[in-house]
Structures are given as structure tokens and as C-alpha cells.
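Okay, thanks for coming, everyone.

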Amino acid sequence: MHASRGAWQLGDHTTALALADEAVAVADINSTTWRDAQISRSTALAFLGRLHEAEVAATAGAEPLTDNADGSSLGRTTVKLLTCNLAGHPDPALARELLRRAEGSGPSRHAMALHTAAVICEPGDRTLAIELNQRAVELAESTGAVLIKGFALHSLAVREAAVNPPAGAARYVDVMTLYLNVGNGVHLRGLGRGIIMPLVACGAHEAAAVVDGATQTDTAVLTALADPISEALSQAHNELGASYRTAASRGEHMTDDELAHYLRHVVADLAV
């Protein structure tokens, strides 16, 4: 199990899936180990773009919530909710139940439940979604939960970019820098790909092409954003013509540090 999670954090989702499959095969069905292995399978499958299989695995791994649900059970339900939502099957009622039960748990679980509720229950209520994610950021920060803090900051970046593209782009760079500082290239590039939309909205077409090249291998988990990103990239293609490929190739060869450094300068210019 730990090896599977380690492979996932390194971006080797195929190996992560293989290791999780092995854990499922040797664990007792419906044991905690078996459930955790299913959750690891679902995460790897989601990053590979196999969303239906990811949803099946997450559903198998998450047991029904009870009044005495522990932190691990809450965590498995969180993964189920977010995976099903990514596959197009949101469950607002379960997300609200998770939030209610998580209020008495540790700050990390509560923060993740707040973020999950913002994503699933309040997608049309910008003010409430921002409030929930900001509370999630504060709680995650208080306990050093970098991954959860990044998720909530990413949601804030998405909403900011929709109304103020330069500010939204800056928020995306903050998310990428957060993950850079802890060596998490998977989320730096996977979640960072969304910056393409505010960059194009600001007319920074070359930068959008660079990001496209840098994040091509990390797009599967962002299937829900594929259409708006594709539309933005089409605009960038039309503006840049043949030079688009040159810019994308530049991004393909950037390290995580180089990509974040480049975008910090791009975003600083947008704000001028």
C-alpha cells in the first residue's frame, strides 16, 4: 500500500495501480487494508483517465458512514465523493453528511470535508464555495496538510480566474509554488494546467502554449476541465500559428522549478 502511494506521488500512476491491484488481491475482502487498496486503485485510475473504473474502485473502498466513523473512513468517503464527481456523478447529500461528521474530527479531515462540500454542494454559489475553501485553507495550514491546502487554493484559483483572470493566474502560481516547495510535481503540473485559461484570457498565448507542453502528460485527471482548456488552447493556436509548437516544446523540457519560475515572471507582467 505504501509503495503504491509513493509511486503515485512520484507520478508513476501505472506502477501505483499495479501495486494497489496486488494489495487488493492479497488482502481480506472488506478489511481496512482491502478498502485502502481500492482507494489507492481509484486514485491511480483517475490520474490515468479511467474514470469509470476509478469510480467503481472508490465506491468499493468507501464503507457507509456511521456515527463512530474514524478518520480513515472519512478519508475513504472523501475520495469516493471527489472521484464520483469527477466522473460526472456528484452526491451532494453524502458530501453534506461527510461535512457534518467531519466537524468533530481532526483539522485535516475537516479541511478536506470543507473543500469537498465546496466542490460538490455549492458549485453555483460562488460566495459560499469561496468561504468553505478559505476555511479549508486555514485548517489545513494549521496542521501542515499541504496537499489539502493546495486542493482548496486550486479551487479558489479557478473561481478567481473566472472573474479576474490576472488575479486568478497569480493564484494558480501560488498553488504550483506550494507543491514545488514540497517536491510534489504531480499536483504542480496536474492542477497547474488550469492556468491555461486565465493566461489566454489575458492574451498570454505563448505562456499558455508553454504550459500546454509542460503538462500534457498530466491531463487525465482534469477531464472535467478538458473542454474549456481545449477552447482556450484553440485560441492560442490561432494566435501563434506555427510558433505554437516551438513554445509547447519549450515547456516539455522544463523542470518543475523552471516552469514555476517562468510563470511567476509571466504573472507579474500581467499584473502591471
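One term before we start: when I say contact, or that residues touch, I mean heavy atoms within 4.5 Å. With that in mind, look at Ile-196, and leave out residues up to four places away in sequence: Ile-196 touches Ala-208, Val-211, Asp-212, Ile-229, Ala-232 and Leu-233.

A word on where this comes from. It's a predicted model, so local features need pLDDT of at least 70 and side-chain atom pairs count only at pLDDT 80 or more, while totals for chains, interfaces and linings use all residues. Residues are numbered from 1 along each chain as its sequence is written, and side-chain values use heavy atoms, with hydrogens and water left out.

Along its principal axes, the C-alpha trace spans about 55 × 40 × 30 Å.

Of the contacts with a separation of 6 or more, 62% are between residues 24 or more positions apart.

How much of the chain is buried? Buried residues come to 51% of the 272, where buried is under 20% relative accessible area, exposed is over 50%, and partly exposed is in between (1.4 Å probe, protein chains only).

Now the cores. By nonpolar core I mean buried Ala, Val, Leu, Ile, Met, Phe, Trp, Tyr and Cys residues joined through side-chain atoms within 4.5 Å. The largest has 65 residues, and Ile-195, Ile-196, Leu-199, Leu-259, Tyr-262 and Leu-263 touch the most other members. Helix 10, residues 165-181, gives the most to this core, with eight residues. There's also a second, separate core of twelve residues, including Phe-47 and Val-186.

Those two also turn up around His-13, which sits in helix 2 (residues 13-26). Again skipping residues up to four places away, His-13 touches Trp-8, Ala-44, Phe-47, Leu-48 and Val-186. His-13 counts as buried because its relative accessibility is 8%.

Last stop: Asn-30, in the loop between helix 2 and helix 3 (32-47). Its phi is near 70 degrees, a positive value in a residue other than glycine. Most residues other than glycine have a negative phi. Asn-30 is at 47% relative accessibility, so it counts as partly exposed.

Key. Helix = DSSP H or I, 4+ residues; strand = E, 2+ residues; numbered from the N terminus.
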